[in-house]
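Here is a friendly briefing to read alongside the model. Have the sequence and the 3D view open, and follow along topic by topic.

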Amino acid sequence: MTKEKEINLSPIKEMELRASRIPGVVSLAQGVPSFDTPEPVKRAAVEAIERGKVAKYSLAPGTLEFREAIAQNLEKENKFFDFENEIVATAGSIEAITATLLTILEPGDEVLIPDPSYTSYQPAIRVARGMPVFVPLDEEKRWALNIEKFEKLITPRTKAFLFCNPNNPTGTIFTRNQLHALAQLAIKHNLYILSDEVYKDFVYLDEGSTFGAPKVEPSLYSLAELRGIRDRLIYIFSFSKAYAMTGWRIAFLATHQELAGKILAVHDALVTCAPVVSQFAALAALEMAEEDVAGFKEYFRKRRDLICKRLDKLNRVFSYQKPDSAYFVFPRIKEEVLRKIAGSGGSWKFALELLEKAKVAVVPGVAFGPSGENHIRMCFGRSEKDINLAFDRLEKFFEL
Amino acid sequence: MKSFFKKFVQYYLKILTKVALWRHRPFIVAVAGSTNKTTTKDYILKFLREKYGEKSVRGNPKSYNTEIGLPLAILYLESGESSALKWLKVLVQAKIRALFERKFPSKLVLELGVEEKGNMEYLLGVVGPNIAVVTNIEGSYTYPNSDLEQIFEEMKVLAERLPENGYLLLNADDERVRSLAKNTKAKVITYGFREEADAKAENLKTDAQGQTFDFSFQGKEESVRIKKYGRHFISAWMAAKVVKNIL
């Protein structure tokens, strides 16, 4: 395998592994919510186990009840899918993404991904023998999509756009107009769109911020609402973040039935079906955990404000944009500080220095794509105590 | 203790619900089956509200359809979830509504959720439907499923209990459901895509805007567009249309 095609452990996980070997490290690295799974969800899982419902395979796309509940919830968000033929429960969103890419890509096909974007997209594309192509986001425009740059990078080998909205690591919400322009490009060049909306429930609609949509709109705009592209759109949602269920490995994809059928065959080959106990838990999450999600969101909003306040105090080290959503902040390291601490080692070396000397784990920005260089990602999904402890250490470290 | 409290809540709500139903004697449409209950109920509610007015028809909020959910649906109360305090409040409200509420809808559209043997018997101990719709009997597992036969037995109980002047609406596209026709003294109307269905959909077409089909029932025909995807929406629509026509 050539260096270019090599698949390595995600830098996020590598950073967590390194952190685990150093006693007393406080981690703002991996995007794991600090909360436990909501009680009604755990109870439903226990009940399903006790009633003997989870020991055997479910249908490959998932239980009927789960898929029906998913479709009903999507309908509330103006997204319409046939639960019998167009929804597949998956083992986490990364399985949904990988199964989709394995279905639609031929070896050597290219997939456009925003730069910076979630680190695991690159290996998922490589697993499917495709090539990730980075499309730089406009940092000066709050990391907006630049449609012209997207179009310029389309080649005859381009097969799909893959992005998450809200974006990880920048916390950007892509606007309705940007997304529509992307959809038009997809139609024009006959491309698929994979829209990963794992952070859709954590949108902080501050005063004056409308993301191109009316203020009354309860959630962000999704291309899954656009009927004209339903034959090329794959909507992906994971329960990991919204319901604090990262360990349950449960998510789903929704797409036009013809494509769903093809993806289902790959999904079947990969995992047979999503974990059945997790399907029951996620069903309960949809039916009973709405208030918990709202509660998590309020905590994250407070933690975002806290982490921004702490970053303000370190303004000689970092500049940053207040995130509109998700639970990450992606500060830029000031050049002189970066040089002083990491020499020519960039954000990777900088993050290692923070880990080893300040005992604070963060993710180097370069892990998210070339435009992420000179940045680090900090997760405010962690507890206030962890955030404060991490910043106390950082303040002390940067005093040196 | 939790189990005792649950039993108490269940029993208390059942009694109060029976009192409310005895006082107001509404016409009851029940929707049962493995899936598609909520969509079918929602279409029936929509059509009946168009015909009789918003306040005359009540349905399950969310999908309350079990031993505790059904009484909550009839009394129009929210679940107390995992809070004992909330449940105490629910019980007080239930008592007030059952004993003193004057305005009660003349028609109820209720989902009956059945998972195990005896569930239907219990639910029919709370409500006596005039019309029952059976959507389907389907399984979620890949192996031959004895649960389906059990659910079929439960649906038989529903079919048998319908009164002679009642109606049993059966999804003609589901073989098990279709066979329930021989277990009832109520009038049977089948709906579906099958040629022999009483209420029939044909010429189904799907496009980006949804689905279109031709619907025929009792000699009348109409072309219908549904802005949603999946045959189950059409089945639900047909069941609701039949309910509207016979009421």
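In this predicted model, strand 4 of chain B (residues 131–134) sends Ile131(B) and Val133(B) to one side and Ala132(B) and Val134(B) to the other, and all of them are buried.

**Strand 4 of chain B and its partners**

- Strand 1 (residues 27–32) of chain B runs parallel to strand 4 of chain B, and 4 bridges join the two.
- Within that pairing, Ile131(B) of strand 4 has Val29(B) standing opposite.
- Strand 5 (residues 167–171) of chain B also pairs with strand 4 of chain B in the parallel sense, over 4 bridges.
- Here Leu169(B) in strand 5 is the residue opposite Val133(B).

- In chain A, 7 strands make an open sheet with mixed pairing, and their order is 2-8-7-6-5-3-4.
- Strand 2 (87–90) and strand 4 (131–136) of chain A are the edge strands, each pairing on one side only.
- From one strand to the next, the twist averages 20°.
- Inside this order, strand 6 (residues 192–196) and strand 7 (residues 233–238) of chain A run parallel and are joined by 4 bridges.
- To find this pairing on screen, look for Ser195(A), whose bridge partner in strand 7 of chain A is Tyr235(A).
- Helix 3 (residues 64–76) of chain A lies across strand 2 and strand 8 (251–254) of chain A, and runs at about 115° to strand 2.

**Helices 4 and 9 of chain A**

- Helix 4 (residues 93–104) and helix 9 (residues 257–271) of chain A cross at roughly 120°, and their axes come within 9 Å.
- The two helices are therefore oblique to each other, and their crossing is right-handed.
- Helix 4 of chain A brings Glu95(A), Ala99(A), Thr100(A), Leu102(A) and Thr103(A) to the meeting, while helix 9 of chain A brings Lys262(A), Ile263(A), Val266(A), His267(A), Leu270(A) and Val271(A).
- Sorted by class, this contact has 6 nonpolar, 3 polar and 2 charged residues.

**Helices 11 and 14 of chain A**

- Which way do helix 11 and helix 14 of chain A lie, roughly parallel or oblique to each other? They pack at an angle of about 5°, and are therefore roughly parallel.
- Helix 11 covers residues 290–313 and helix 14 covers residues 384–399, with the axes 10 Å apart.
- On the side of helix 11 of chain A, the contact is made by Arg303(A), Leu306(A), Ile307(A), Arg310(A) and Lys313(A), and on the side of helix 14 by Glu384(A), Ile387(A), Phe391(A) and Glu395(A).
- These residues divide into 4 nonpolar and 5 charged, with no polar ones.

**Where chain A touches chain B**

- The contact takes 22 residues from chain A and 16 residues from chain B.
- Helix 2 (39–50) and helix 3 of chain A each supply at least two residues of the side that touches chain B.
- Helix 3 of chain A gives the largest share of that side, with 4 residues.
- Helix 3 is also the helix that lies across strand 2 and strand 8 of chain A.
- By class, the side of chain A that touches chain B has 8 nonpolar, 5 polar and 9 charged residues.

Conventions:
Residues numbered from 1 in each chain as written. Chains lettered and ligands numbered in written order. Predicted model: local features only at pLDDT ≥ 70, side-chain atom pairs only at ≥ 80, totals over all residues. Axes fitted to C-alpha atoms, helices over the stretch in contact; angles between N-to-C directions. Parallel < 35°, antiparallel > 145°, perpendicular 65-115°, else oblique. Contact = placed C-beta atoms within 7 Å. Nonpolar A, V, L, I, M, F, W, Y, C, P; charged D, E, K, R; others polar. Pairing = 2+ DSSP bridges. Left-handed = near helix turned anticlockwise from the far one by under 90°. Buried ≥ 20, exposed ≤ 12 C-beta atoms within 10 Å, placed from the backbone.
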